[in-house]
Amino acid sequence: MKLISFLAMLSVYMLLWACHQPAPRVQNAAAMQAQESDTMSHINIALNQLASRVDPVCGMNLNEGSIADTALIGGKIYGYCNSGCKEEDLKQRSSKKK
Ligand SMILES: [Zn+2]
């Protein structure tokens with residue numbers, strides 16, 4: 001019976017995480033690690049917050065969950081498929097500036 005209540009708690013926890021509502025307490029280290037690695041590989045940002053739904057460097061279509069990095073440029077948020085694209089974009093923009 002304990003296993004069932006644990007699974008129930010786990011699914012509630014995952015539902016909360018899916019809704020981007022941080023759980024009030026992290027109850028075990030495994031959950032904490034999963035959370036950390038998720039933030040490192042993906043950024044939770046809604047597509048409608050982005051200035052463009054396409055990576056400005058490589059032209060890849062961005063989906064929620066595939067955005068690895070973002071940059072705030074001129075008050076607009078741009079999303080990138082990886083941090084290399086972000087660096088490339090920042091480099092290009094700064095070299096275009098006069
Ligand atoms: Zn890219």
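## E64 and its surroundings

In this predicted model, E64 is in contact with A46 and L47 once its neighbours within four places in sequence are left aside; two residues are in contact if their C-beta atoms, placed from the backbone, lie within 7 Å. E64 is found in the loop between α2 and β1. Helices (H or I, at least four residues) and strands (E, at least two) are DSSP runs, numbered from the N terminus.

E64 counts as partly exposed because 14 C-beta neighbours lie inside 10 Å. A residue is buried if 20 or more other C-beta atoms lie within 10 Å of its own, exposed if 12 or fewer, and partly exposed in between, with C-beta atoms placed from the backbone. The C-alpha atoms of E64 and I45 are 6.9 Å apart in space, and the two residues are 19 residues apart in sequence.

## Basis and confidence of the model

Residues are numbered from 1 along each chain as its sequence is written. As this is a predicted model, local features need pLDDT of at least 70 and side-chain atom pairs count only at pLDDT 80 or more, whereas totals for chains, interfaces and linings use all residues.

The protein chain averages a pLDDT (the predictor's confidence in each residue, from 0 to 100) of 80, and 70% of the residues score at least 70. Confidence is highest in strand β2 (residues 76–80), at a mean of 96, and lowest in helix α2 (residues 29–41), at 51. Over residues 34–39 the pLDDT is below 50, and this stretch has zero contacts in the model beyond near neighbours in sequence. Where pLDDT is low, the predicted coordinates should not be read in detail.

## Overall architecture

The protein chain contains three helices and two strands, in the order α-α-β-β-α along the sequence. Of its 98 residues, 9% are buried. Among contacts with a separation of 6 or more, 37% are between residues 24 or more positions apart.

## The β hairpin

Strand β1 (residues 69–73) and β2 run antiparallel and are joined by five bridges; two strands pair if DSSP finds at least two bridges between them. They form a hairpin with two residues between them, and G74 in the turn has a positive phi of about 60°. I73 has K76 in β2 as its bridge partner, while T70 has G79.

G79 lies in strand β2 and counts as buried because it has 27 C-beta neighbours inside 10 Å. Leaving aside neighbours within four places in sequence, G79 is in contact with I45, L50, D55, L62, I67 and T70. G79 and A51, 28 residues apart in sequence, are 8.2 Å apart, C-alpha to C-alpha.

The largest nonpolar core has six residues: L62, I67, Y78, Y80, C81 and C85. Such a core is a set of buried Ala, Val, Leu, Ile, Met, Phe, Trp, Tyr and Cys residues joined through C-beta atoms within 7 Å. With neighbours within four places in sequence left aside, the contacts of Y78 are L50, A51, S52, P56, T70, A71, I73 and D89.

K86 is placed in helix α3 (residues 83–96) and is buried because 20 other C-beta atoms lie within 10 Å. Beyond neighbours within four places in sequence, K86 is in contact with D69, A71 and Y80. K86 and D55 are 31 residues apart along the chain, with their C-alpha atoms separated by 8.8 Å.
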